[in-house]
Amino acid sequence: REDVALGISTSGRSPNVLMALEAANAKGMKTIALTGRDGGVIGKAAGIHINVSHPSTARVQEVHRTVIHAICALVERAR
């Protein structure tokens with residue numbers, strides 16, 4: 001199995017999340033970004049980018065929560 005790094009940022013611009021994804025990419029890990037607004041630099045740094053293009057942080061977080069639950073269900077099903 002391969003390791004995966006998941007970065008979450010409603011603004012798409014969180015420096016610590018960007019650094020984590022860059023480090024994961026350097027190690028050859030698969031990277032996924034959950035972002036809001038326009039996705040920012042974090043969306044560009046990930047191999048898979050899931051963007052909630054909305055200006056409201058609360059709305060973005062609601063959708064992110066649902067996406068995370070869906071990812072967890074898929075992982076559990078694949079085990």
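Helices, here taken as DSSP runs of H or I with at least four residues, are numbered from the N terminus. The model is predicted, and just after helix 1 in this model, glycine 28 takes a positive phi of about 80°.

- Helix 1 comprises 12 residues and reaches 16 Å from its first C-alpha to its last, which is close to the 16 Å expected at 1.5 Å a residue.
- Viewed down the axis of helix 1, the buried residues fall within an arc of 125°, so they line one face of the helix.
- The residues buried in helix 1 include Val17, Leu18, Leu21 and Ala24, whereas Pro15, Asn16, Met19 and Ala26 are exposed on the other side.
- The cover over the buried residues of helix 1 includes strand 1 (4-9), strand 2 (30-36) and helix 2 (40-45).

**Leucine 21**

- Leucine 21 lies in helix 1, which runs over residues 15-26, and because its relative accessibility is 1%, leucine 21 counts as buried, the cut-off being under 20%.
- Once its neighbours within four places in sequence are set aside, leucine 21 is in contact with Ala5, Gly7, Thr31, Ile32, Ala33, Ile42 and Ala46.
- Between leucine 21 and arginine 65 there are 44 residues of separation in sequence, and their C-alpha atoms are 20 Å apart in space.

Notes:
Residues numbered from 1 in each chain as written. Predicted model: local features only at pLDDT ≥ 70, side-chain atom pairs only at ≥ 80, totals over all residues. Heavy atoms only, no water. Helix = DSSP H or I, 4+ residues; strand = E, 2+ residues; numbered from the N terminus. Buried < 20%, exposed > 50% of the residue type's maximum accessible area, 1.4 Å probe, protein only. Contact = heavy atoms within 4.5 Å. Expected span 1.5 Å × (residues − 1). Arc of directions from axis to C-beta.
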